[in-house]
Every structure is written in structure tokens, then in C-alpha cells.
Amino acid sequence: MRAAHSHISGEGAVFGNPGAANTRRVEPVRDADAGLKRNICTPRKNDVPACWLMISCIMKYFLGMLRNIRIWLPSVVAVLAFLAQTGCGHDARALKDIFPRGDIFTVWAHSDIHPRGNAEMIHYETAVRDVADYIPGINAALVAGDIVMGSRSAPVQYPWFLSVRKTAAIPFWCEIAGNHDAEDIPSFLRYTGKPLHYAALFGNVLFICMSDEVYDHPTQISDAAFEWWKRLVIQNRDKIIVTMTHGCLAQSGLLASFDWGQRVEGSERFARVLGEYPIDMWISGHAHTPYYMNGKWSRPFWFKNILFIDVSAIRKNKGTNIQSYILVFSKNSPDLAVLLRNHETHSFIASRSLRHTLRHPFEWDGRTGGAVVSVPQ
Ligand SMILES: [Fe+2]
């Protein structure tokens with residue numbers, strides 16, 4: 001284009017009449033341009049459009065690949081292996097069929113309900129209906145934070161949460177505040193009736209529940225609450241200990257732990273204690289990790305048999321499911337079943353469920369439980 005322009009200018013300069021030169025020279029250029037457009041845009045008879053040529057080349061390439069078993073077989077195996085360890089393995093059996101012996105204590109561990117509007121309330125309602133209809137008789141529920149979206153939605157969403165969960169007929173509830181709930185801590189305290197941090201005892205299982213204290217991405221737990229937790233862990237070594245926070249521990253090995261915004265700030269305080277006084281399980285939410293991804297649970301070798309699980313999330317985002325975990329303790333046994341629940345398909349996901357050996361056999365008289373036994377001073 002630059003060359004054509006300089007040529008015309010040169011001609012104009014020679015004849016001393018730039019306008020005439022331009023007029024004379026522009027005509028053929030316009031014709032040529034129009035011709036070019038005709039060639040590209042108006043296929044003549046027997047012309048094959050370029051896109052069809054490209055499609056046929058791509059198809060020939062893939063058909064050639066299919067003829068070579070060494071290329072497609074590993075790909076098929078890889079895809080099947082991925083499906084087998086993620087989305088496959090739906091188990092629609094009821095708990096009484098999975099545990100026919102009975103004598104079990106079941107806990108519904110879930111988190112991250114916080115609907116972004118009325119339309120998303122259906123996610124928690126679906127989960128509660130699934131629990132009520134297909135897993136009746138759950139003994140207790142743990143909610144690992146983010147019940148409501150924030151301070152503006154709190155007056156509507158807390159009463160809604162309390163009325164919806166009633167239909168699951170679960171007698172004991174342990175909730176903590178997540179980062180969204182921490183925007184309005186007075187509402188969390190008023191509606192749940194729980195302190196920010198507390199420990200509850202069910203049989204010989206001590207649940208230590210610690211809220212996020214600040215409306216920010218990383219979970220923030222004060223040193224006072226940490227010291228209280230440390231005392232409980234050291235003094236209750238004869239019990240099964242489960243800790244619940246909104247964010248996960250940086251040393252948990254969970255997928256979420258690679259993101260600073262998903263962790264507990266100052267995790268090393270807790271990790272130092274766990275190195276010497278291991279607990280049985282650490283439950284967190286916050287991450288919204290879909291179950292088809294690896295890293296929902298972890299048992300890192302640098303701790304002595306501590307199971308970390310990410311129980312999020314009830315709220316459904318693009319491409320995720322309404323999911324949570326059901327924990328099944330068996331009386332007089334150290335075996336704990338940790339079952340991932342897809343509430344939309346009313347089934348457990350075998351590939352994301354596991355068994356964990358507790359430090360002590362589970363003991364429970366079947367009646368008592370749910371008492372708040374300690375709060376930080
Ligand atoms: Fe969340």
C-alpha cells in the first residue's frame with residue numbers, strides 16, 4: 001500500500017498535476033480491487049470453499065490417527081481413567097444398605113450455602129430435601145461457614161436457612177462463620193445462637209469449631225482462639241478430635257491450600273502443634289472445589305494420619321454440583337466412612353469417598369451429644 005502511494009505521488013510530481021495523476025491512477029486500482037473482491041467472495045462454478053478444504057484436511061488427519069492404535073489407545077485409556085477417578089462411581093444406595101449392621105452416628109458436613117440471590121436458594125433447598133428424603137436419621141450437622149452472602153442479605157438469609165434446615169430433622173447443628181458471615185458477626189451470633197469459637201462433644205468425638213473473624217479472603221483466627229484450640233488438643237488426647245475452620249490449613253495438602261486466599265492465616269501455628277499432637281480430622285470449606293477435581297481430601301505424610309477434607313460447596317457455580325460429605329462413625333470401631341454426596345443425583349460418589357482410621361474407637365450411648373463444652377475465655 002505504501003509502495004502504491006509513493007508511485008502515484010511520483011507520477012503526479014512528474015506531470016505537475018497531482019489531482020489528474022491521482023484520478024487516472026486510482027481508476028485501475030479500484031477495478032483491480034473490485035476484481036479481487038469478486039474472486040474471493042463470489043465462488044465460480046466448480047470452486048471448493050476454503051473452509052471445506054480445511055475440514056477435509058483435519059478429518060483426514062484424525063482418520064489417519066484412528067488407524068494408528070498406538071496413538072488413540074493411550075488417549076482412550078487416559079480419558080477412561082480420568083472418568084473412573086472423578087465423575088464415575090455413583091452409589092445410590094441408602095445408608096442402611098451400606099451399613100446394615102446399624103450402630104452408626106452420622107454427620108452431614110457441608111458449607112458455602114450463601115446464595116447470590118433468591119434464584120440460588122434452590123441449591124440449599126435441594127440439598128436439604130435430598131438429606132430428608134434419601135438419608136434420613138442424620139444425627140448432627142457441621143456447617144463450615146458462608147451461610148449468608150453478607151450483611152445486607154443476613155436479615156433475609158439467616159431466617160431462610162433456619163427454616164429450610166428444619167425440614168432435614170437433624171437434632172444438633174454446629175455452625176461457624178465464614179468470610180461472608182464475618183461481614184456481620186452480630187447477626188451470625190444472634191441467628192445461630194452459637195459463639196464464634198466453641199467445642200461440642202458427641203460421645204467421645206470433640207468437634208472444635210473456629211470461625212473466621214474478619215471479612216477478608218484468608219481465614220483469620222486470633223491468637224487467643226488459637227491458644228484455646230491448642231489447650232483443647234493437648235488436654236483431649238483420649239478423644240477423637242475434629243477441627244472445623246472455613247479456610248484450610250496451608251499444610252493440609254488440599255488443592256485449595258495452594259491459594260493464599262483459601263488458607264487460615266498463620267497456619268504454621270496450628271501445624272507446629274499438629275506435628276506433636278495429631279488430631280483425627282480437619283474440615284474446611286471456602287474453596288468451592290468441584291468433586292471431579294483432585295484435592296478434595298488429603299492425608300499428608302508430614303502429619304501422623306490426619307485427614308483434611310474440603311466439604312464445599314452447596315452453592316452451585318458454573319460446572320459444579322451441589323455437594324457435601326456424610327461422615328459415618330461406627331460404634332466401638334475406629335473406622336470412619338467419609339462419603340461424598342451429590343445432592344442433585346441423590347447418590348454418593350465412590351471415587352471421592354474414603355475410609356479413615358481414627359486414633360480411638362468411636363463410643364456413643366446413642367442419646368447424649370451436642371453439648372457445647374468449651375469456649376475461649
Ligand atoms: Fe464461599
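Tutor: An open sheet is formed by 7 strands in the order E1-E13-E12-E11-E2-E3-E4, with mixed pairing. The model is predicted: local features need pLDDT of at least 70, side-chain atom pairs count only at pLDDT 80 or more, and totals for chains, interfaces and linings use all residues. Residues are numbered from 1 along each chain as its sequence is written.

Student: What makes E1 and E4 edge strands?

Tutor: Strands are DSSP runs of E with at least two residues, helices are runs of H or I with at least four, and both are numbered from the N terminus. Two strands pair if DSSP finds at least two bridges between them. Strand E1 (90-91) and strand E4 (172-175) each pair on one side only, and are therefore edge strands.

Student: How do you know that strand E3 and E4 pair?

Tutor: Strand E3 (residues 140-143) and E4 share 4 bridges in the parallel sense, against the required at least two. Within this pairing, Val 143 has Glu 175 of E4 as its bridge partner.

Student: Why is Phe 362 called buried?

Tutor: A residue is buried if 20 or more other C-beta atoms, placed from the backbone, lie within 10 Å of its own, exposed if 12 or fewer do, and partly exposed in between. Phe 362 has 22 C-beta neighbours inside 10 Å, and therefore counts as buried. Phe 362 lies in the loop between strand E13 (347-357) and strand E14 (371-374).

Student: Which residue 29 places away in sequence lies 5.5 Å from Phe 362, C-alpha to C-alpha?

Tutor: That residue is Ser 333. Contact means that two C-beta atoms, placed from the backbone, lie within 7 Å; not counting residues up to four places away in sequence, Phe 362 touches several residues, including Phe 105, Ile 240 and Ser 333.

Student: What puts the buried residues of H7 on the same side?

Tutor: The buried residues of H7 are Ala 154, Gln 157, Phe 161 and Arg 165. They cover an arc of only 75° around the axis, so they lie on the same side of H7; the arc is that of the directions from the helix axis to the C-beta atoms. The face turned away from this buried side carries the exposed residues Pro 155, Pro 159, Ser 163 and Lys 166. Helix H6 (121-134) and helix H8 (185-192) are among what covers the buried residues of H7.
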